[in-house]
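Me: I am new to this structure. Please take me through it in short questions and answers.

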Amino acid sequence: VQLQASGGGLVQAGGSLRLSCYASGNAISINGMGWYRQAPGKERELVAAMTLGGRTTYQDSVKDRFTISRDTPRKRLYLQMNSLKPEDTAVYYCNTDPPLPRAWGQGTQVTVSS
């Protein structure tokens, strides 16, 4: 499985970004999927997840600001991030949920300036 996240960038606090993840093979069709992030000096954490049935869960810090969605025919997972805060600054990754250890890609950097 190869997972490639994109769409990160530099944005001011209060701004928005939409992350996209391409998942090779049939990973997105047979697994729950998640968006993870890792800030400098911190462990990687799950911020949003979607089950195969479409049920979504969010970390408390991003609830009502982030939305995870999936386009199965296009093999894509998305994360819409609104009202971004400086504490959202991190490298964002997509992976299955629970994650496949060998499927971590390079991630995409999100930097939110105050």
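**The disulfide and its strands**

Me: Is Cys21 buried or exposed?
Reply: Buried means under 20% relative accessible area, exposed over 50%, and partly exposed in between, with a 1.4 Å probe and protein chains only. The relative accessible area of Cys21 is 0%, so this residue is buried.

Me: What kind of model is this, and how are residues numbered?
Reply: This is a predicted model, where local features need pLDDT of at least 70, side-chain atom pairs count only at pLDDT 80 or more, and totals for chains, interfaces and linings use all residues. Side-chain values use heavy atoms, with hydrogens and water left out, and residues are numbered from 1 along each chain as its sequence is written.

Me: Which residue does a disulfide join to Cys21?
Reply: A disulfide is a pair of cysteine sulfur atoms within 2.5 Å. A search of the whole structure finds one. Its S to S distance is 1.9 Å, and the partner of Cys21 is Cys94.

Me: How many residues apart are Cys21 and Cys94?
Reply: Strands (E, at least two residues) are DSSP runs, numbered from the N terminus. Cys21 lies in strand E3 and Cys94 in strand E9 (residues 90-96).

Me: Which hand does the link of Cys21 and Cys94 have?
Reply: The angle about the S-S bond is 60°. That makes the link of Cys21 and Cys94 right-handed.

Me: Is Cys94 buried or exposed?
Reply: Its strand, E9, is mostly covered, with seven of its seven residues buried. Cys94 has 2% relative accessibility, so Cys94 counts as buried.

Me: Which strand pairs with E9 over six bridges?
Reply: Two strands pair if DSSP finds at least two bridges between them. Arg37 stands opposite Tyr92 in E9. The strand with six bridges to E9, also antiparallel, is E4 (residues 33-38).

Me: In what order do the four strands of the open sheet stand?
Reply: Four bridges join E1 to E3 (residues 17-23), and these two run antiparallel. Gln4 has Tyr22 in E3 as bridge partner. The pairing in the open sheet is antiparallel, and the order is E1-E3-E8-E7.

Me: Why is one side of E1 and of E7 left without a neighbour in the sheet?
Reply: Neighbouring strands of this sheet are turned by 15° against each other on average, direction ignored. E1 (3-6) and E7 (66-71) stand at the edges. One side of each is left without a neighbour because each has a single partner strand.

Definitions and conventions: Axes are lines fitted to C-alpha atoms, for helices over the stretch in contact, and angles run from 0 to 180 degrees between N-to-C directions.
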